[in-house]
Every structure is written in C-alpha cells, then in structure tokens.
Amino acid sequence: MGKDLMVNTSYCQMSAMDPLSPIAQYFIKLPPSHSCHLIQLLVPKEIGGRNFLYLALEKNKLWKYYGIRRLSEIFCAYTSLERIDGFNNRYVGRTVFSFNKKRNYQEIKPRNTTLRVWCWRDHGRLLYHDVFMFLPEPIPPRKDMKVRPELAKRLSVLILGIDSISHLHYHRHFRKTMNFLNKLTHMEMWGFNRIGENSYPNLLPLLIGENETTVNSPTGCYGASEPKCFDRCYLLFDLFKAAGYATMFGEDSSTAGTFVYLSHGFQRQPADFYLRPAMNEIDQKTGYPASGAEFISCTAGRAYNQVLDNFRYRLLPHMEARSQDTGFFGFFWQSHGVHDYIWYAKIADVMYEAYLRELYRRQLFRNTFVLLMSDHGMRFGQFSDTLQGMREISLPTAIAIYPRWMVRRFPLAIKNLKTNAHRLMTTHDLHETLKDLANLENLKDDNIRRRTLQLRNDRNVSLFLPIPEERSCSSAEIPEHFCECDNYVRIPIDLDSVQHIARFVVASINELLNTYTKCQRLQLSHVEDAYKREHKEFITVRLVTQPGEGHFDATVIHDHNNISLQGRITRTDQYREQSYCIEKSIIQQYCYCL
C-alpha cells in the first residue's frame with residue numbers, strides 16, 4: 001500500500017488527503033450560539049411498566065419562565081396517536097389533567113404509546129405543545145436461548161448513521177468518538193465510495209440490496225407497487241425479522257427520511273419499534289426553527305436529533321434483553337444539523353461518544369456488530385467548492401465495530417475484513433456483510449473458503465470475503481462522476497473544449513426542464529474549475545448558471561464533438577426557495593422559478 005494511497009489496486013488508485021490540510025482547517029469553526037428557545041415543561045418517564053408525564057421545572061423556574069406561582073394554574077391535555085400510514089396518524093380520545101403541590105405528574109392510560117400534549121395557563125394562553133413516545137417494558141431474555149457471546153450463532157446488528165459526514169470530516173471533528181473506539185476492535189473502511197447523489201440512492205443498496213434504478217423501475221419492488229410504497233421490497237428489517245430478531249428503525253427527519261423523500265414510504269410498519277409516527281406528528285404540529293440556526297428544527301425544548309437520541313437511549317433495555325436471546329437489528333439515521341452545517345459534526349461527536357460509552361457500559365459490544373457510517377460528505381457550502389471538498393463528498397465514513405472474540409472464532413473472515421479496509425467498496429457490499437451476521441455459520445473458515453472460490457467481480461461482495469483485486473468503479477457500478485479511483489488534474493478553464501463542455505452541461509439541464517413551464521431556462525455564467533482524470537479521458541467541470549447563481553458539477557467523456565454525461569449533474573449550493581413553484585422531485589435542484 002502506497003503511503004499516499006487509501007486504495008492501491010489494479011483499477012483503483014485512491015489518493016489520500018490530509019484531513020487537516022490548510023484548506024480544510026480554514027473551514028473549521030466553533031459552533032455558533034443556537035438553541036431551541038421554547039421550554040421543556042414535561043418529560044416522559046417509564047416506571048415499573050407504567051407511563052408518566054412529569055413536570056420538568058421547579059417552582060422557581062415556573063415563575064422565571066412563565067410567571068406561574070401555583071401549579072394549579074397549569075392545565076394540560078393529551079391525545080393518543082395511532083399510525084394510519086407513512087404520512088398520517090389518527091387521534092384517539094383526549095384526557096385533561098392538572099397538577100398540585102402533592103402531585104407533579106400524570107399517569108398515562110395503558111396502551112397509549114404516542115401522545116400529543118398541550119398545556120395552557122388558566123384555560124387561556126398556550127404554554128407548551130409537544131409529542132412523546134412511550135415504549136413497553138422489554139420482555140426478559142429467554143433462558144433457553146442464553147449462551148456465552150463467543151458461542152452465539154448470530155450477532156445483533158446496530159447501524160448508527162450520520163448524514164453528510166465524509167471519512168475525513170469524521171477525522172477532523174469526531175475526536176472523542178475516535179479516541180473511545182481505540183479501546184474496541186474496529187475497522188475503518190478507507191475505500192468506501194458513494195454510488196449516488198444523496199441519501200436515497202446510497203441507502204437503498206444498503207437496506208434492500210438493489211440500486212435506485214432497479215427499485216424504481218416498472219418491475220421493481222417500489223415501481224411496480226400500487227399504491228406506491230416499499231411494502232413489496234424485502235429489506236434488511238424483513239430478513240432479520242424472519243430470523244427472529246427484534247427490529248428498530250428511527251430517523252430524525254419526517255420530510256427527508258430514507259423512504260419518504262420523493263417517495264411514498266410504507267403502508268405497513270417496517271419495524272417493531274418505529275419512530276416515524278411520532279416524528280410525523282412533531283413535524284406537522286409542534287416543530288419550529290431553532291434560534292440561530294434556521295435549518296435545525298425543534299419541538300418544545302428539544303432539537304429533532306435529540307428526539308432520535310432519546311429514542312435510541314430508551315431502546316437500550318430492549319437491546320440488552322434481545323442481545324441475550326433472539327438478537328436485534330437497529331437502524332438509526334441522523335440528518336438534522338449535520339446535513340446543513342459543517343460545524344455541527346463537533347456537536348454530534350459528543351452525542352455519539354456518549355452513546356457508544358453507554359453501549360460499552362451495558363456490555364452490548366460483546367455480541368453486537370455496530371456500523372458507524374454516513375451516506376456521502378458535505379454536499380453544500382463553501383468547502384464543497386474546493387477540490388478537497390468536492391472529493392470528500394464521494395468518500396463517506398464507514399467503521400465496523402465488532403466483538404473481539406470474532407478474531408479468534410472467524411480468523412479468515414476478519415482477515416478479509418482487514419484487507420477490504422483498503423479496497424474499493426460501496427453500500428452494496430455492506431448489505432451482503434450484514435446479511436452474513438444473521439447466521440454466523442457463514443463466517444466459518446470452511447464456508448469462507450468455499451464462497452471465495454465462487455466469487456465473481458460483482459458489485460455486491462460481503463466484506464468477510466476478499467473483494468476482487470481487479471475491482472473498478474465500473475464493476476462496482478459507481479458512476480464516474482462519483483468515482484474516486486483516479487487523481488484530478490486541473491486544466492485551464494478558458495480552453496475551448498472546457499467551455500464547450502460547460503455549454504453542453506447547461507443545455508442538458510435545460511433539456512431536463514423542457515416540460516416544466518414554470519422554470520426559467522438557465523444560462524452559463526462562468527466556469528469555476530475544470531479537471532481531467534489522470535489516467536482516464538473523463539473531464540469534470542464546475543460551473544455557475546444564471547439566474548440564481550446555481551453551482552453545478554458534471555463529469556463527461558469528451559471525444560472530439562461527442563460528449564456524454566457520466567452520471568447525474570449535481571448541485572453544490574442550497575437552492576431551497578428558488579424552486580418553490582414545482583413539487584418535490586429531482587428536478588428541484590435545476591429549477592429557478594419564473
């Protein structure tokens with residue numbers, strides 16, 4: 001392995017970058033002051049199998065924040081929520097309650113697990129509006145299934161996903177998490193390359209094992225469904241559920257969730273423990289923008305990512321119990337804060353180090369495979385306008401954390417995992433890796449040898465098998481626009497060929513907009529940068545369009561007068577209100593409304 005290469009194989013030489021290069025350090029900023037400015041009046045508590053809402057403020061703080069002297073001035077009500085589908089809940093009943101000097105809590109009726117709560121003063125001014133989710137007590141572990149972790153036939157699987165964190169961004173900002181992981185057996189995947197623009201095309205292969213085109217096609221599990229939904233898709237949740245695992249699914253965004261952004265989610269509930277109904281209600285009824293950071297959303301005194309964090313913590317007793325018998329599969333994805341603010345990674349670092357420490361304290365690392373990962377790097381902002389920032393977008397974080405006993409029990413599988421840490425890989429490979437963990441027989445040396453003999457240079461290879469040395473972006477099905485297997489060589493932007501390519505890219509955008517009559521035709525303003533791949537004939541241009549000053553990247557192959565795009569044209573600045581006139585679609589990033 002060359003010291004300046006993260007991957008060095010026959011068809012992939014992925015050059016290393018310094019996470020603390022001068023250009024990267026320029027963008028390292030302290031988080032600005034920001035907060036959820038409403039007060040957290042109530043907190044949920046589960047005690048002895050019973051659910052309660054407790055006042056979170058002492059009398060002096062009730063006076064300070066609300067001017068309330070007596071608890072009897074506060075009146076509250078809650079209604080229970082039941083999930084209808086991926087976007088709607090129904091309300092069931094309403095209970096009004098109040099507090100007094102002797103009782104600063106309200107017990108919640110049994111079976112009411114998700115609540116919308118209001119509180120007001122003297123039946124008038126609204127003081128508080130929030131949504132809470134209660135979880136049942138965990139079922140005790142089955143004694144007939146309890147075995148020593150190193151003799152287990154399966155591993156629990158926990159995916160901790162953090163949006164928009166490149167591998168180098170992780171090294172810059174997740175210092176606490178990195179230092180803690182040094183005490184655990186883990187492997188960083190240096191050749192992890194994105195295969196699509198945003199979360200959806202990168203996470204579909206992880207969770208379904210198929211790419212976006214296949215899933216959305218007329219014969220795909222989503223494209224062929226009526227009404228449109230993912231119920232026909234066989235997800236990792238389904239695979240692990242069929243193997244007897246408890247399943248858990250939580251995201252902190254209801255509008256940009258994996259299966260709902262530009263898609264229609266699920267009719268059925270995809271996991272045993274599912275945060276989306278609560279997040280839906282929060283986003284529709286109680287959400288508001290944080291002070292000092294408009295793209296962070298809050299409910300009462302909590303940011304959305306804190307709602308997700310609380311969900312993960314309250315599931316820990318269930319993880320403990322299930323890790324001792326049937327196993328659990330958990331998928332949690334944070335996008336709030338980290339998606340829009342480069343500085344938020346430092347805040348996330350504190351949260352994830354604390355959560356990993358709690359997993360360690362509860363001994364969950366003894367029988368759980370944890371995947372700490374992202375989908376891509378920071379796609380928007382000034383850092384993404386630099387060459388290093390552009391490259392980092394395609395190189396997300398992926399870290400496998402596994403029990404130490406696996407090294408002794410499955411030496412060949414772990415040897416392959418270590419080798420693959422410096423091989424080109426994608427979420428297709430991670431899908432196959434996680435499938436292997438539902439039955440640890442797959443990882444025995446004899447089975448690894450047998451499966452290795454059957455390997456082909458396909459896009460989907462378990463990381464417990466040797467990824468073929470001859471793997472390329474083509475065989476891994478990574479579009480050249482996202483492929484990081486070659487160096488970038490800057491070329492003059494005033495070359496006729498570069499200007500010709502830039503005009504072609506803008507014409508291609510306008511062709512996409514042909515049927516969208518509310519969108520203006522774009523004009524080329526100027527070319528910002530142009531790069532040629534060192535060993536290939538691909539050229540990447542970075543350009544700005546008018547109106548709206550849209551920043552776009554595109555990769556093409558240029559052969560005399562023939563130009564063809566090598567992947568989607570991507571945008572690297574926030575467009576938000578510019579495309580207000582059309583419904584959510586992939587076209588939004590190109591549309592500047594008339």
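**Sheets and rings**

Three strands, in the order β3-β4-β7, make up an open sheet with antiparallel pairing. At its edges are β3 (42-47) and β7 (105-107), each of which pairs on one side only. On average, neighbouring strands of this sheet are turned by 25 degrees against each other, direction ignored.

Before I continue: this is a predicted model, in which local features need pLDDT of at least 70 and side-chain atom pairs count only at pLDDT 80 or more, while totals for chains, interfaces and linings use all residues. Residues are numbered from 1 along each chain as its sequence is written, and side-chain values use heavy atoms, with hydrogens and water left out.

Some terms. Strands (E, at least two residues) and helices (H or I, at least four) are DSSP runs, numbered from the N terminus. Two strands pair if DSSP finds at least two bridges between them. Axes are lines fitted to C-alpha atoms, for helices over the stretch in contact, and angles run from 0 to 180 degrees between N-to-C directions.

Within that sheet, 6 bridges connect β3 with β4 (residues 50-55) in the antiparallel sense. Pro44 has Leu53 in β4 as its bridge partner.

Next, β5 (residues 74-83) and β6 (residues 89-98) run antiparallel and are joined by 8 bridges. A hairpin of 5 residues leads from β5 to β6, and Phe75 is opposite Ser98 in β6.

There is also an open sheet of 7 strands with mixed pairing, ordered β11-β19-β18-β10-β17-β12-β13. Its edge strands, each pairing on one side only, are β11 (186-188) and β13 (273-274). Here β10 (residues 156-162) pairs with β17 in the parallel sense over 6 bridges, with Ile159 opposite Phe331 in β17. Helix α10 (residues 316-323) lies across β10, β12 (246-251), β13 and β17, at about 150 degrees to β17; contact means heavy atoms within 4.5 Å.

Now the rings. How many aromatic pairs does a search of the whole structure find? It finds 31, where rings of Phe, Tyr and Trp (its six-membered ring) pair if their centres lie within 6.5 Å, and planes under 30 degrees apart count as stacked, over 60 as edge-to-face and the rest as tilted. Phe240 and Phe329 are stacked, because their ring centres are 4.7 Å apart and their planes at 10 degrees. Phe240 is in helix α7 (residues 236-242) and Phe329 in strand β17 (residues 328-334), 89 residues apart.
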